[in-house]
Amino acid sequence: MSNSKAIAGAAFAAPAFALMLALLIGPLVVLLALSVTDYRLGALAVNLVGLGHYAALFSDEVFQRALRNTFLYVGFVLPGAVFGGLGIALLVHARIRTRSFYEVIYFLPVTSTLVAMATVWQFMLHPSLGPVSAIFSAFGLAGVDLLNDPDLALGTLAMIGLWQQVGFNMVLFLAGLSAIPRDLYEAAALDGAGGGADRFLRVTWPLLGPTTMFVTITSTIAAFKVFDTVAVLTKGGPLGSTETLLYVLYLEGFQYFRTGYAAAMTIVLLAFLIILSVIQARVIDRKVHYA
Amino acid sequence: MRRRGFLGALLSHAVLLAGAVLMAAPFLWMLLTSIRPPEEVFGTVFNLIPTRFAGFENYAEALTSSNLPRAMLNGVIVCVGILAVQLLFAIPSAYALAKLKFRGREWLFGLVLFGLCVPIQVPALPLYLGLAQAGLLDTFFALMAPFALTVFGMFLFRQFFRGYPEEVLDAARLDGMGEFEIVWRLATPAALPAIAAFSIFSIVAHWNDLYWPLIVVTSAERSVPSLAILAFRDTETGGNYGALMAAAAITTAPLILGFFAARRAFLRGITMTGPR
């Protein structure tokens with residue numbers, strides 16, 4: 001019996017193992033190998049460059065700027081995505097009849113095709129035809145071109161990113177809020193927690209801690225991987241002010257075909273993602289002990 | 001006290017409604033522009049509601065002067081194809097991870113956990129080189145192959161199968177059912193809620209994906225919705241915004257209608273990555 005189970009297990013797992021090798025492990029090994037060569041797609045001769053590419057990344061102004069822009073973008077999106085999501089969830093959670101109405105509206109951007117909605121945003125932000133600039137000029141800010149001003153473009157993309165992400169976080173926070181037992185609020189009231197703010201600080205906020213941490217990490221990873229809006233709306237411009245990590249990686253690897261260099265860049269990207277995921281795993285572990 | 005509750009509710013509605021207007025504005029603008037005639041898009045006089053209904057010509061333009069219908073069809077083929085292959089591979093392996101003992105099980109599960117933090121952008125470069133080498137760029141195979149492996153699906157189904165009662169499995173084995181039969185005739189139907197949630201997650205992710213199609217697709221015949229909308233925008237340099245917004249509405253419509261029809265399932269499916 002247990003022998004047949006072992007055979008079945010191996011048979012069921014074998015195809016998945018094969019896919020792992022072909023689509024994950026194999027590519028990673030190739031990536032590491034490429035990152036120490038000067039390979040370019042179509043090149044006839046390949047030379048080892050050792051860690052040259054990694055060293056070059058540190059002095060590559062474009063890469064450094066992309067790194068700065070990406071962190072800046074995360075910094076713009078994160079507070080709004082986390083606290084905005086929490087705030088909306090708190091308000092929506094208290095609603096009874098209109099709860100699903102708000103849920104639908106705030107979640108709509110998460111479900112929709114970002115490329116399509118980005119073109120809509122582009123039109124909305126059009127300096128002469130869009131409604132946003134009409135509203136801006138009504139407030140005496142005529143001629144503001146949000147996507148073509150080097151000082152404003154990255155912030156504008158961050159606003160669009162926030163618009164897209166906040167509903168996702170709202171749903172996660174709503175799930176967290178529903179998991180808080182009602183009697184805890186009653187107990188807090190008996191202990192003299194009076195107003196709404198008091199209840200929030202003594203019960204809601206501490207119990208939402210794990211959810212908040214989780215939302216923070218997932219939002220960071222999501223913002224870190226910003227690509228669609230850059231590719232559709234700014235192509236890294238104006239003056240490189242919206243070049244982000246993934247966009248530069250895409251250009252190096254699939255437009256300029258500097259394969260070896262792009263491979264090194266990918267390894268750096270993976271390192272960032274692994275660090276974030278390790279933090280995330282720690283957070284989830286802590287949640288288990290907490291609950 | 002009652003009065004304060006009323007004021008509080010009023011205030012919270014005011015804040016939520018203001019936010020809702022901001023969230024919904026692009027969708028409203030898209031729909032309104034998609035039925036707006038060109039003279040009103042570019043006109044000096046602004047009417048929120050178009051004075052002449054131009055929806056028919058805008059949507060017709062979006063559907064005829066682009067490869068949007070073809071791209072939508074391709075999108076369906078790619079999404080369904082990816083999902084079918086994902087389920088075919090993920091369900092048995094997840095069952096094995098959860099319920100069967102075999103050599104290398106810890107290894108496989110370790111790889112699943114590692115794979116969870118590796119997005120498509122990481123293996124993209126070697127996969128692209130491999131596909132180029134094999135002459136398979138710009139094919140359905142290229143669009144689908146990297147996603148045949150879904151570590152997320154494997155992880156999710158494993159969690160689900162772990163909760164499946166061992167006694168039921170043993171009874172089925174005593175009745176002479178093989179493990180293959182157990183997976184597809186017993187475990188899979190029981191896992192339908194998880195499969196439904198995963199399906200929505202997968203379809204939404206791949207219908208909306210831009211990065212990978214942008215890399216492997218070069219021809220209009222293999223275009224997918226996200227690429228078609230980009231191509232349409234870039235060719236419409238004259239700025240037929242009505243048609244462009246119609247195209248955007250057509251691209252987004254399937255998922256949004258699905259969301260309206262199965263709200264709970266969508267919320268669960270898309271936010272499944274959340275803490276459980």
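Select chains A and B together: 70 residues of chain B are in contact with 74 residues of chain A, two residues being in contact if their C-beta atoms, placed from the backbone, lie within 7 Å. On the side of chain B that touches chain A, helix α1 (residues 2–34) of chain B gives the most, with twelve residues. Helices here are DSSP runs (H or I, at least four residues; strands are E, at least two), numbered from the N terminus. By class, that side of chain B has 51 nonpolar, 14 polar and five charged residues. Ala, Val, Leu, Ile, Met, Phe, Trp, Tyr, Cys and Pro count as nonpolar, Asp, Glu, Lys and Arg as charged, and the others, Gly among them, as polar.

The model is predicted: local features need pLDDT of at least 70 and side-chain atom pairs pLDDT 80 or more, while totals for chains, interfaces and linings use all residues. Residues are numbered from 1 along each chain as its sequence is written, and chains are lettered from A and ligands numbered from 1 in the order in which they are written.

Along the principal axes, the C-alpha atoms of chain B fill a box of roughly 75 × 70 × 35 Å. Of the 276 residues of chain B, 43% count as buried, meaning that 20 or more other C-beta atoms, placed from the backbone, lie within 10 Å of the residue's own. Among contacts in chain B with a separation of 6 or more, 75% join residues 24 or more positions apart.

Methods. Buried ≥ 20, exposed ≤ 12 C-beta atoms within 10 Å, placed from the backbone.
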